[in-house]
Amino acid sequence: MTPDTRDSRPTLAVWKFASCDGCQLSLLDCEDELLALAGAVRIAHFTEMSRTSLPGPYDISLVEGSITTPDDALRIQEVRASSRHLVTIGACATAGGVQGLRNFAASGEYAGLVYAHPEYLRTLDTSTPISAHVKVDFELHGCPIDRGQLLEVLTAFLAGRRPVVPGHSVCQECKSRGTVCLVVRDATSCLGPVTRSGCGALCPSLGRGCFGCFGPSDSANTASLSRQLAEHGASDLELARLFRTFNANAPEFLHQSVALGAASPGRDRTTSESGAGS
Ligand code: SF4
Ligand code: SF4
Ligand code: SF4
């Protein structure tokens, strides 16, 4: 479609790589703000929402998902080249996501378990964040992201300022809402002290420990938390599994899981590209 040259609104593009679409849905979930947003920006490319796709360059690109195929590795270069600002959204895009668990397995190990004919797949052995491939202007964390934080990021870029997204831990939100600490109450293992806030301490408010879906908080002391949870009875295996979920490849969580005895990345890997990846 030919762009309307009389429309001076900044353009927004939303791109999907290896992901579940949940973070893109967070944008569509902004029901009360969506009309105002659509008035402030021209949504130029967003296949989750519309078949219309306007050519770049784009003022803001939101990128969901990780890089898991050779084609993706090329496509993200094109997205970067056509974007003035590039913001990655969600654990997949910022840390490789749950599909990043393949990074700790032998080449093709999971594909053989899931697919009847993995020989038809053409994937990389690894799932890597967008920042491993191109320059990223801002990373918004979460699985999925918080829509309030997404609106703050979009508003900030439109206003030409830095987004204000707190880097403190889930514990602070837990205290704010008056939730009794689960570690103190009944020795539940909880990653809240080392996990970035944004969810409103959702899991502890429902009686379950945080499993780190917003990724590491600023200054996360994962070694200290592991010692504390071990004193409350958690085994190294349980703790390593906690660090190995949606943000298993975030450096702070990765280093701690390896320190607890979990496999290092690249186990038994001999090639960087596989015809039978996971
Ligand atoms: S971060 Fe979570 S919600 Fe977002 S695309 Fe990845 S798996 Fe889905
Ligand atoms: S329940 Fe978890 S998040 Fe809440 S205060 Fe305790 S350790 Fe922190
Ligand atoms: S409490 Fe932890 S696991 Fe639960 S939604 Fe928040 S960040 Fe994610």
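Ligand 3 is surrounded by Val170, Thr195, Cys199, Ala201, Leu202, Cys203, Cys210, Phe211, Gly212, Cys213 and Phe214; a residue counts as near a molecule if its C-beta atom, placed from the backbone, lies within 6 Å of it. Please keep in mind that this is a predicted model, in which local features need pLDDT of at least 70, side-chain atom pairs count only at pLDDT 80 or more, and totals for chains, interfaces and linings use all residues. Residues are numbered from 1 along each chain as its sequence is written, while chains are lettered from A and ligands numbered from 1 in the order in which they are written.

Now to the other two ligands. Around ligand 2 there are 13 residues, the closest being Cys171, Cys174, Cys181, Cys190 and Gly192. Helix H7 (170-176) and helix H8 (182-186) are the elements that give two or more residues to this shell, and H7 provides the largest share, 3 residues. Helices (H or I, at least four residues) and strands (E, at least two) are DSSP runs, numbered from the N terminus.

Ligand 1 has Ser19, Cys20, Gly22, Cys23, Glu64, Gly90, Ala91, Cys92, Gly97, Cys143 and Pro144 around it. Here the elements giving two or more residues are helix H1 (22-28) and H4, with H4 giving the most, 3 residues.

The table sets out the shells by residue class. Ala, Val, Leu, Ile, Met, Phe, Trp, Tyr, Cys and Pro count as nonpolar, Asp, Glu, Lys and Arg as charged, and the others, Gly among them, as polar.

| Shell | Nonpolar | Polar | Charged |
|---|---|---|---|
| Ligand 1 | 6 residues | 4 residues | 1 residue |
| Ligand 3 | 9 residues | 2 residues | no residues |

Let us step back to the domains. An automatic or database domain assignment sets the bounds, giving domain 1 (11-159) and domain 2 (170-259). Their C-alpha centres lie 25 Å apart. Across the boundary, 14 residues of domain 1 are in contact with 13 residues of domain 2, where contact requires C-beta atoms, placed from the backbone, within 7 Å. On the side of domain 1 that touches domain 2, the largest share, 3 residues, comes from helix H4 (residues 90-95). By class, that side has 5 nonpolar, 8 polar and 1 charged residues.

Next come the strands. Strand E3 (residues 58-64) is mostly covered, with 6 of its 7 residues buried. A residue is buried if 20 or more other C-beta atoms lie within 10 Å of its own, exposed if 12 or fewer, and partly exposed in between, with C-beta atoms placed from the backbone. E3 pairs in the parallel sense with strand E1 (residues 11-16) over 5 bridges, and also in the parallel sense with strand E4 (residues 83-89) over 6 bridges; two strands pair if DSSP finds at least two bridges between them. In the second, Ile60 has His85 of E4 as its bridge partner.

Finally, some helices. In helix H11 (residues 236-243), Leu239, Ala240, Leu242 and Phe243 are buried. They cover an arc of only 155° around the axis, so they sit on the same side of H11; the arc is that of the directions from the helix axis to the C-beta atoms. Helix H10 (222-231) and helix H12 (251-259) are included in what covers these buried residues. Pro251 lies in helix H12 and is exposed, because 11 other C-beta atoms are within 10 Å. Pro251 and Gly215 are 36 residues apart in sequence and 9.8 Å apart in space, C-alpha to C-alpha.

Note on methods: Contact = placed C-beta atoms within 7 Å.
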